[in-house]
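Reader: I've got a model open and want to learn how to read what's inside. Can you walk me through a few features?

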Amino acid sequence: MTPALAELRDCYLRAQLAGDRREAVRLLLEDGLGAGVRIDDLQVHVIRAAQNEIGRLWQLNRVSIAQEHMATAISHLSLAALFERATPKAPLGKSVLLACVEGEMHELPARLVADALELEGFDVCYLGANVPTDNLVTAVHEGHPDLIGLSVTMSFNLPALRSAVAGVREVSDRPIFIGGHATRWSPSLAGELGVTQAGDSASELVASARRLVGVEP
């Protein structure tokens, strides 16, 4: 991360903690895009990095759940503002279905992935937070996506991830990738489930998605 991006992240974080939605969006659009910063860098090095810091502060009991929710709502608004101004690449002719597993309410990481893949030319069906496993399986069965992505942040939702993978396997043989903090705490999980671990950066994730669906970079 460059010093300029680090400063922008810190300013954005202060706007989040102050509950200043307009300032948070202004920082991204004027000080970010207006200064020539790429959208993927703003997504990863400003919004995601600030959210990671919010999570750390919450673990240290320095911000409340209400403050964490407020900050996350601002990041959703900010992502929407960036997405609206982005120009997607040419369609790849490949579809991706993304969802947070049953019980998982932390959807911002999956939202970041959905935006990154759609801007790279994938046809993205994003189901959001807390998708019941039976509904997920139905969506996969009816939609026939080329790739399925599952997100889990909290470790107590890992059983739901296992159930989701098993359910999807009953109706589809398409590749599955998983992501979220909980998957990083269980490094052997991807191998156990026979799926692919998502990359930490947008570029790694897009490259993995392309590889999984057989699209050359």
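Author: Let's start with Leu98, which is buried at a relative accessible area of 4%; buried means under 20%, exposed over 50%, partly exposed in between, with a 1.4 Å probe and protein chains only. This is a predicted model, where local features need pLDDT of at least 70, side-chain atom pairs count only at pLDDT 80 or more, and totals for chains, interfaces and linings use all residues. Residues are numbered from 1 along each chain as its sequence is written, and side-chain values use heavy atoms, leaving out hydrogens and water.

Reader: What does Leu98 touch, leaving out residues up to four places away in sequence?

Author: Contact means heavy atoms within 4.5 Å. The partners of Leu98 include Ala110, Leu117, Tyr126, Gly149 and Phe177. Leu98 and Phe177 are 79 residues apart in sequence, yet 9.5 Å apart in space, C-alpha to C-alpha.

Reader: How do I check the length of helix 7?

Author: Helices (H or I, at least four residues) and strands (E, at least two) are DSSP runs, numbered from the N terminus. The expected span is 1.5 Å times one less than the number of residues. With 14 residues (158–171), helix 7 should span 20 Å, and its end C-alpha atoms are 21 Å apart, which agrees.

Reader: Which residues of helix 7 are buried?

Author: Among them are Leu158, Leu161, Val165 and Val168. The buried residues of helix 7 pack against helix 6 (133–143), strand 3 (147–151), strand 4 (176–179), helix 8 (181–185) and helix 9 (189–193).
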